[in-house]
Amino acid sequence: MSTRIIYLDHSATTPVDPAVLDAMLPFFTSGFGNPASIYSLATDARTGVEGSRKQLAAALNASPDEIVFTSGGTESDNTAIKGVFASCASGVGPHLITTAIEHHAVLEPFGTLAHTGACVDIAPVGSNGIVDPEDIRKLIKPETVLVSVMHANNEIGSIQPISEIGRMCREAGVLFHTDAVQAFGKLPIDVKAMNIDLLSISSHKLYGPKGVGALYIRRGTKIGRLLEGGEQERGRRGGTLNVPGIVGLGIAASIAMQRMSLESETLKAMRDRFFDELLDRIPDVHITGDRVHRMPNNVHFCVKGIEGEPLLLALDMAGICGSAGSACNTGAVEPSHVLTAIGLPTNVARGAMRLTLGRSTTWDDLSYTLDVMQEAVSGLRALSAIP
Ligand code: PLP
């Protein structure tokens, strides 16, 4: 086993930024109060939470009262989708639209609603992993209440035409939700200019702590609450707030906004150089998704003739952390729903590999990864029975 660790799985999760941790620590000790209490000990906690709400609102061009804190991306997605459905008057089955490449945190609630009286349509995506807004437009009908399209795909990094879809939904009077878990803090987002009604955020994808996130809810949007209980978050989400986590999320978002443009340029340059050298050095590699409209940090490709899993293990032996598909599907034998949706043949999709770069990534790390991969691929191909 190598002692050198090269972490290339930033879409699965990120390490907490030391400045984020520093900001969180006092809220475990002196500032431990419950923000819902009225005595002065709770004031610090309340101030921390409200500060974070302002930081998130500023990052989205929203108002602080439009931010609801949650336990992460999964809760935000569930709340947006099930909450809109719950607020619909009973009668004709409400119609909801999503896409074939969403995260399971969106697809599963859609599946549940389809069994409880909703009509659901799943829009296709092109072979580049991008949704054609026309395909969404064709699916909208008078009963449509919600369109949910992710901003950036977690597996292949494809970036969706969110502004166009938002405009179309607003014109049609349909609510628009976007799962921005991968995009927030990495791509510019303006909920007003992009006509977004609901937007999901997760802290651990942007160097914040795990188990905390937020849902942007445009003022005036009718939405039921998923977690019933106390009157926290102005009655929109019951449960004592995770104060240190929320403070961490706010700081993480502010840091991400400051660094976004420089970081994005640096990552894009490394990503593109990696792709070029990969194609030069390893024959029969397929780059998955769109090379331009893709996340600055996303390197996804399929190595023909081998399985992704043994390649991942070979990388792990050399201290390199990557993913053979989406993190959630690791261990699954079938190609992921995303690779299937973009029409990749199974024998190609089986050799899928996702490397996601981050703040700590250097070209030296990537160059070493290419060396290790080149050797591992020729060894695995020599043994492989895959055509
Ligand atoms: N949506 C997307 C696009 C994701 O990538 C993830 C996590 O990988 C989630 C939702 C779920 O977020 P969380 O881990 O905060 O529940």
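Mentor: Two strands count as paired if DSSP finds at least two bridges between them; helices (H or I, at least four residues) and strands (E, at least two) are DSSP runs, numbered from the N terminus. The model is predicted, so local features need pLDDT of at least 70 and side-chain atom pairs pLDDT 80 or more, while totals for chains, interfaces and linings use all residues. Residues are numbered from 1 along each chain as its sequence is written, and side-chain values use heavy atoms, without hydrogens and water.

Trainee: In what order do the 7 strands of the open sheet with mixed pairing stand?

Mentor: The edge strands are E2 (67–70) and E4 (119–123), each pairing on one side only. Read across, the order is E2-E8-E7-E6-E5-E3-E4.

Trainee: Which residue in E6 stands opposite Ser 148?

Mentor: Strand E5 (residues 144–148) and strand E6 (residues 175–179) are joined by 3 bridges in the parallel sense. The residue of E6 opposite Ser 148 is His 177.

Trainee: At what angle to E7 does H3 run?

Mentor: Contact here means heavy atoms within 4.5 Å. H3 lies across E2, E3 (95–99), E5, E6, E7 (198–202) and E8 (213–217). Helix H6 (residues 162–172) also packs on the sheet, touching E5 and E6, at about 160° to E6. For H3 and E7, the angle is about 160°.

Trainee: Which helix gives the largest share of the shell around the ligand?

Mentor: The ligand is surrounded by 13 residues (each with a heavy atom within 4 Å), among them Gly 73 and Lys 205. The shell divides into 2 nonpolar, 8 polar and 3 charged residues (Ala, Val, Leu, Ile, Met, Phe, Trp, Tyr, Cys and Pro count as nonpolar, Asp, Glu, Lys and Arg as charged, and the others, Gly among them, as polar). The largest share, 3 residues, comes from helix H3.

Trainee: How much of the 390 Å² that the ligand exposes alone does the protein bury?

Mentor: An oxygen atom of the ligand is 2.8 Å from a polar backbone atom of Gly 73. In the side chain of Ser 202, an N or O atom is 2.6 Å from an oxygen atom of the ligand. Of the ligand's accessible area (Shrake-Rupley method, 1.4 Å probe), the protein buries 87%.

Trainee: Why is one side of E9 and of E12 left without a neighbour in the sheet?

Mentor: The 3 strands of this open sheet have the order E9-E10-E12, with antiparallel pairing. E9 (285–287) and E12 (352–356) stand at the edges, so each has a single partner strand.

Trainee: Which residue in E12 is the bridge partner of Asn 298?

Mentor: Strand E10 (residues 298–303) runs antiparallel to E12, and 5 bridges join them. The partner of Asn 298 is Thr 356.

Technical notes. Polar contact = N/O pair within 3.5 Å; in protein donor to acceptor, adjacent residues only side chain to side chain. Axes fitted to C-alpha atoms, helices over the stretch in contact; angles between N-to-C directions.
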